[in-house]
Amino acid sequence: MNIGKVENLFKNLETGNSDIFFKHVSDDVSWTVMGTHPLAGTYLNKEDFISHTFRRLNRILEEGVILKVKNILLQDDTAVVEMESISTALNGKPFNNTYCWVVYFKNDVIVEVRAYVDSALVQKVIDENEK
């Protein structure tokens, strides 16, 4: 994996093309969302992760999940990607969350992720916007 490929892949999350991003995620990815909020947990496949996180947030964020990359560190097949949310909740409040994903690639496909987020902010946006 090279830095250009990682940058291009993650650019899809900034431009609202998450479908393109997720084409590069293994169907049996292990994705752990750290924290003590409703989205936290370990998801053992791509569909489970998307349905419990991205789709859930897409229902309460005006623009859906939009993540802007701030920094990428790459060593061999591991990338550390710092991002920030640039979304607005349905109640009009900004959802200015910060993320750090530790991403493991195998043959240019994401096979494992450990995602760190602001748990309190996730809980708040869900509490205030989910019906």
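**Figure 1. Glu-128, a partly exposed residue in a predicted model.** In this predicted model, Glu-128 counts as partly exposed, at 35% relative accessibility. Its side chain meets that of Lys-93 in a salt bridge, with 3.2 Å from N to O. Glu-128 belongs to helix H4, whereas Lys-93 is found in the loop between strand E5 (87-88) and strand E6 (94-95), so the pair ties together parts that are 35 residues apart in sequence. Lys-93 is likewise partly exposed, its relative accessible area being 40%.

**Figure 2. The salt bridge between Glu-130 and Arg-56****.** The closest N and O atoms of Glu-130 and Arg-56 are 2.5 Å apart. Because Glu-130 lies in the segment after helix H4 (119-129) and Arg-56 in helix H3 (residues 46-58), the pair ties together parts that are 74 residues apart in sequence. Glu-130 has a relative accessible area of 31% and is partly exposed.

**Figure 3. The salt bridge between Asp-108 and Lys-5****.** In this pair, the closest N and O atoms are 2.8 Å apart. Asp-108 is partly exposed, with a relative accessible area of 30%, and Lys-5 is partly exposed, with a value of 40%.

**Figure 4. A salt-bridge network of Lys-11, Glu-14 and Lys-68****.** The structure as a whole holds eight salt bridges.

Methods. Residues are numbered from 1 along each chain as its sequence is written. This is a predicted model: local features need pLDDT of at least 70, side-chain atom pairs count only at pLDDT 80 or more; totals for chains, interfaces and linings use all residues. Side-chain values use heavy atoms; hydrogens and water are left out. A salt bridge is a side-chain nitrogen of Lys or Arg within 4 Å of a carboxyl oxygen of Asp or Glu. Buried means under 20% relative accessible area, exposed over 50%, partly exposed in between (1.4 Å probe, protein chains only). Helices (H or I, at least four residues) and strands (E, at least two) are DSSP runs, numbered from the N terminus.
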